[in-house]
Amino acid sequence: MREVIMPALGMAQSTGVIVSWLKKVGEAVAADDPLMEVETDKTTMEVPAGHDGVVLEIRAEAGAEVPVGEVIALIGAAGSVPPPKPAAAAAPAAAKPEPAAVAAPPPAARPPAPAPAPPPARPDGAAAAAPAAAGKVLASPKARLLAAERGIDLAPHAARSHERPILAADVEAMAAEAAAAPATAAVQGLAATPRLASLRAAAPAAGWAEFLAFASGEAKRPVEGMAVIAAFAAAAFRAATGETGRIVVAAESLSDDGGALVLADPDRAGLASIADTTTDAPATLSVLDLTGTALSGADGLGAGTGPVLVVAGSGERLDLSLSFDPSSLAPRAAAALLTGIARRVENPLRHLL
Amino acid sequence: MTREITLSQAVNEAIAEEMRRDPTVFLLGEDVAEAGTPFKVLLGLVDEFGPDRILDTPISEPGFAGIAVGAAMTGMRPVVDLMFGDFLFLVMDQLCNQAAKTHYMSGGKLKVPMVLRTNLGATRRSAAQHSQSLHALVCHIPGLKVALPSSAYEAKGLLKTAIRDDNPVVIFEDKLMYQEKAPVPEEEYLIPFGVAHTLRKGRDITLVATSSMVQVAARAADILAGEGIEAEVIDPRTLVPFDEETILASVRRTGRAMVIDEGHQSFGVTAEIASRIAEKAFYHLDAPVLRMGAMDVPVPFSPKLEDLTVPTPEKVAERARASVKGELFHA
């Protein structure tokens, strides 16, 4: 089966108008037979079929203005069945102001009769994607990196990106827009989706307080337990999942004097500088620190949509619970993650090794 | 104390200082003694050091380049004066097959501590055989170090380092800059190889430029600054060894880069540097990496045509501006 496309008859031609079809669906054609009459801004000419066979399908009616390169007919062996029509072919021609194609204005309607333009197929105009687009997003590497860091989906901007590629500044603007929209403002603080499963562990904490005191002494400033737990969690996550890229941990303490930190790769920082790895990126997992409070557990809190580790208790024992979505983190990996964290709490020197 | 001297004087001082310091240093080439070279760079050296250490040679580049390789292998530190960079083609075997490979092929038993001083640069109306910038040829050969001073200060510091290096070093001076002055300290100083110099900081685009093109890039940055575009200008100083880190760190900040070099644009220095940026800072790029070299034509003798073949501040600014404004789109 062969596709017939709107040919480029002039050097700077972007669309052509089908004046008339010279063959009907089901009719046999030879490659040299005139198949249709096409009008460009300069001329009207007959265009040969280009392939031997039977006209299986005509996708653009007479009078339609069609972008160069778009499939307008199929030619194949008699009796073969054309594939289902792609949705885009039924949509108005590529981002051009004029209505076109199957909306079928009368053949004589050029120059344009602006009156009843059909509404775009989709409100964001994405259906207008030019043939080149096919859903592919053109964006600079830096723009893609920024979008990934900020959790911005560039796919809805595919069509527009073929007019002008998406650059870093565009992503910044999208991020600002997203932040301004109240519906999506809850990035930090409250859970976005319920986690469906949870695991619990307890770890003797005798060495823990001592370790924090030692670390604070070495760092010559207080080292927060929450930041160290974040580093443990990142290291254990890496071991459990084989993740080699960046791991962002959002840590929050609910005690009176507690704060919140979002840390990038805290496991790769030295003990003294864990708290210096702050970032704005979305969290891979989050830590909720209940030590220093009377709380023994919490549900439904934690930043982002990744696993949430809740740490409670004090003195002799820390209670750890991990809630996670089993469809994104396998229970076996979750178990390895929580075990890894518990063993690090029990014997913090493991982390340093 | 710092005074202003010409690039020519800076080179002369560097050689004189090193010859006073080290009796194994000597100089050879065509018209180097009484004439002091056609560019008058070496004037006066023969008076101080005599014709035994400032050797006028016959017009035979392969001959005296070969003598230098042998002298270097046997304990001397020759400085070869190759009158025009275009004559590199004549000494390719001595330089690339002998000097560059002797240390390796002798299992480290022999060293070739020689310096080949030569020049590059068009717009001197010297026509196609005396105007080329051929440094890319020697950068391609492992075993050679390559330095490209961009001012009198750079020329003196880099040449002194070159003379003290135990490897063969090719140093290219821009023949149009011999009479240009720059502040140069009276005290001794060396400029280490492989350490780029950031002349100007900027947040919008990184301009990496070599030799004479450093000034072109700096003037382009002035033009852009007037439009609110901040260009960072980096001079790698040596292409071998090459300070990749300084350049990558800059591009990671600016997200855009343009490489400017006076060698022919195709298959040369700009391509090498641009490809390293694209490979190693890819995810930080917000625009395609741009290059500007000399046009891929023999350098014309006609002044009007010759001027068209080399990058200018205006041409660099125009491309950099388009990059910063996101106007480069070839998808």
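Of the 331 residues of chain B, 50% count as buried, meaning that 20 or more other C-beta atoms, placed from the backbone, lie within 10 Å of the residue's own. This is a predicted model, where local features need pLDDT of at least 70 and side-chain atom pairs count only at pLDDT 80 or more, while totals for chains, interfaces and linings use all residues. Residues are numbered from 1 along each chain as its sequence is written, and chains are lettered from A in the order in which they are written.

**Chain B at a glance**
- Chain B has eleven helices and 14 strands; these are DSSP runs, with helices (H or I) of at least four residues and strands (E) of at least two, numbered from the N terminus.
- Take the contacts in chain B between residues at least 6 apart in sequence: 79% of them join residues at least 24 apart. A contact here puts two C-beta atoms, placed from the backbone, within 7 Å.

**The sheet of chain B**
- Seven strands make an open sheet with mixed pairing, in the order S3-S2-S4-S5-S7-S6-S12; strands pair if DSSP finds at least two bridges between them.
- S3 (54–56) and S12 of chain B stand at the edges with a single partner strand each, so one side of each has no neighbour in the sheet.
- From one strand to the next, the twist averages 20 degrees.
- S6 (residues 145–147) and S7 (residues 169–174) of chain B pair in the parallel sense over three bridges, and Val146(B) has Val170(B) as its bridge partner in S7(B).
- Helix H6 (residues 152–164) of chain B packs on the sheet, and its direction makes about 160 degrees with that of S7(B). Such angles run from 0 to 180 degrees between N-to-C directions, with axes fitted to C-alpha atoms, for helices over the stretch in contact.

**Helix H9 of chain B**
- Which residues of H9(B) are buried? They are Val269(B), Thr270(B), Ile273(B) and Ile277(B).
- These residues cover an arc of only 100 degrees around the axis, which puts them on the same side of H9(B); the arc is that of the directions from the helix axis to the C-beta atoms.
- Among the elements covering the buried residues of H9(B) are helix H8 (244–254) and strand S13 (257–264) of chain B.

**Where the chains meet**
- Ten residues from chain A and ten residues from chain B take part in the contact.
- Helix H2 (residues 141–150) of chain A gives four residues, the largest share of the side of chain A that touches chain B.

Note on methods. Buried ≥ 20, exposed ≤ 12 C-beta atoms within 10 Å, placed from the backbone.
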